[in-house]
Amino acid sequence: MLDVSVAYNRYTFLGHEFLTWLWYMIETDTQKLLDPKAELEDMYIGNRIVLENSSHNRDEVVTIKGDGAGLEEGVIALQKGAKVTEINLVVKAGENEWRFNLKGESLNIGGLKSPETGRVESAEDVEGAVLEKIYLYEKMVDLTNYAYRQFIKSRLSTEWETSIVKNISKWISQAAKA
Amino acid sequence: MGVLSSSVSITQYRVEGTIEDSFLETVADSLTNNAIREIDNEPEDKSVGWTSFETPFKLDFSGSSYIFGTHLIFSLRIDKKSIPAKIINKHLKMAIAKRLQDSEREALHRNEKSEIKDEVIRRLFMRMPATPNMYDLIWNYEEKIMWFLCSQKAANEELETLFSKTFKLSLIRMFPYTAAQLTCGLTDQEKDKMEKLSPSTFYRGQHA
């Protein structure tokens with residue numbers, strides 16, 4: 001294994017590719033991202049997405065934020081060669097909803113809002129509340145890890161170049177026309 | 001950020017190494033030995049240590065639980081004092097003026113000024129209370145994974161240093177490379193391929 005500090009910078013691009021692939025997967029095959037064992041029903045892009053284009057010696061950042069904001073500028077940025085560096089996700093399971101930001105370079109989960117848990121009114125309530133919170137956080141950590149594992153397996157497969165990247169390119173093209 | 005907060009950030013870690021002796025006893029002793037130390041009324045400007053996530057301002061873990069099923073939950077507390085430069089400057093000028101007056105001189109040597117500055121800062125730190133910051137962590141000791149509920153670089157670095165010193169275990173932060181290498185079940189061939197990866201170009205022109 002490479003030295004950790006060297007590897008962090010060297011493989012930042014992989015995190016950005018992961019989030020770009022994630023956007024593509026959410027738009028084309030969401031169910032494949034959800035582990036059947038996790039009993040989650042849906043996942044979609046929330047109120048923020050950040051793209052960066054570092055190609056051709058430029059450093060362009062496009063941030064789209066706001067509930068219900070269109071992602072057209074994001075698609076244009078993808079056409080110019082940008083990749084997603086940060087994404088806000090919404091995950092649903094029945095009445096339950098999680099919202100969080102995922103950062104490509106670190107895979108950190110930020111601003112995670114999980115479904116409401118019972119109120120802690122006495123010291124006896126703490127253990128139950130803590131275990132419930134851990135369970136709810138774990139759902140999103142596992143979801144992220146499950147999606148990343150799928151991405152890495154695809155990224156290292158021969159299909160990556162022969163079909164997956166071509167399909168992503170087609171998706172960008174169609175999204176730009178829509 | 002706290003386990004029970006309405007919003008949290010999570011940095012994932014993998015815990016490397018094992019505690020040979022009685023696990024829970026060793027953890028209890030190690031936490032106590034590395035608990036936060038108050039620096040109010042002390043000349044130090046920073047203190048880093050463990051504290052209970054339920055009672056972060058108590059200096060020991062007595063009466064607080066930190067074992068929840070197969071998880072250990074406690075907090076990293078970082079106390080810091082920071083004095084604005086203008087305040088240091090004001091007190092330094094006052095101290096220099098007093099020294100000149102007391103010694104009936106017109107100027108001080110550079111070394112003497114430096115000593116006065118150290119003393120001024122020391123005295124100001126003694127008078128200034130530290131600002132505490134707490135960050136909870138959730139350690140699943142059976143799975144050897146840990147979530148630190150903070151994504152600030154400096155706090156993560158303090159965590160890695162203190163955790164290693166306290167438990168003689170090392171933490172590996174999960175980011176794209178380490179997560180792929182350690183958690184994705186890659187074959188040796190895939191690991192080799194990963195070492196040679198370069199960025200992909202996703203958009204390759206208009207499609208019909």
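## Strand E1 of chain B and its partners

E1(B) is joined to E7(B) by four bridges, and the two strands run antiparallel. Helices and strands here are DSSP runs, numbered from the N terminus: a helix is H or I with at least four residues, a strand is E with at least two. Two strands pair if DSSP finds at least two bridges between them. Look along this pair and you'll find Tyr13(B) standing opposite Arg173(B) in E7(B).

E1(B) also has four bridges to strand E6 of chain B (residues 145–148), again antiparallel. There, Gln12(B) has Trp147(B) as its bridge partner in E6(B).

## A quick note on the model

This is a predicted model, in which local features need pLDDT of at least 70 and side-chain atom pairs count only at pLDDT 80 or more, while totals for chains, interfaces and linings use all residues. Residues are numbered from 1 along each chain as its sequence is written, and chains are lettered from A and ligands numbered from 1 in the order in which they are written.

## Where chain B meets chain A

What does E1(B) pair with in chain A? Strand E5 of chain A (residues 109–113) joins E1(B) through two bridges, and these strands run antiparallel. Ile109(A) has Ile10(B) as its bridge partner in E1(B).

Zoom out, and 39 residues of chain B are in contact with 46 residues of chain A; contact means that the C-beta atoms, placed from the backbone, lie within 7 Å. On chain B's side, strand E1 (8–16), strand E4 (71–80), helix H5 (176–183) and helix H6 (188–195) each supply at least two residues. H5(B) gives the most, with seven residues. By type, this side of chain B splits into 20 nonpolar, 15 polar and four charged residues. For that count, Ala, Val, Leu, Ile, Met, Phe, Trp, Tyr, Cys and Pro are nonpolar, Asp, Glu, Lys and Arg are charged, and the others, Gly among them, are polar.

## The nonpolar core

In soluble globular proteins, nonpolar side chains tend to be buried together. Here, the largest nonpolar core has 74 residues, and Leu137(B), Phe148(B) and Leu149(B) touch the most other members. Such a core is a set of buried Ala, Val, Leu, Ile, Met, Phe, Trp, Tyr and Cys residues joined through C-beta atoms within 7 Å.

Leaving out residues up to four places away in sequence, Leu137(B) touches Phe74(B), Leu76(B), Met146(B), Trp147(B), Phe148(B) and Leu149(B).

## Two lysines in loops

Which loop holds Lys144(B)? Lys144(B) lies between strand E5 (131–140) and E6 of chain B. Its phi is near 60°, a positive value in a residue other than glycine.

Lys168(B) sits in the loop between helix H4 (153–167) and strand E7 (170–173) of chain B. Lys168(B) isn't a glycine either, yet has a positive phi of about 55°. With 13 C-beta neighbours inside 10 Å, Lys168(B) is partly exposed.

Methods
Contact = placed C-beta atoms within 7 Å. Buried ≥ 20, exposed ≤ 12 C-beta atoms within 10 Å, placed from the backbone.
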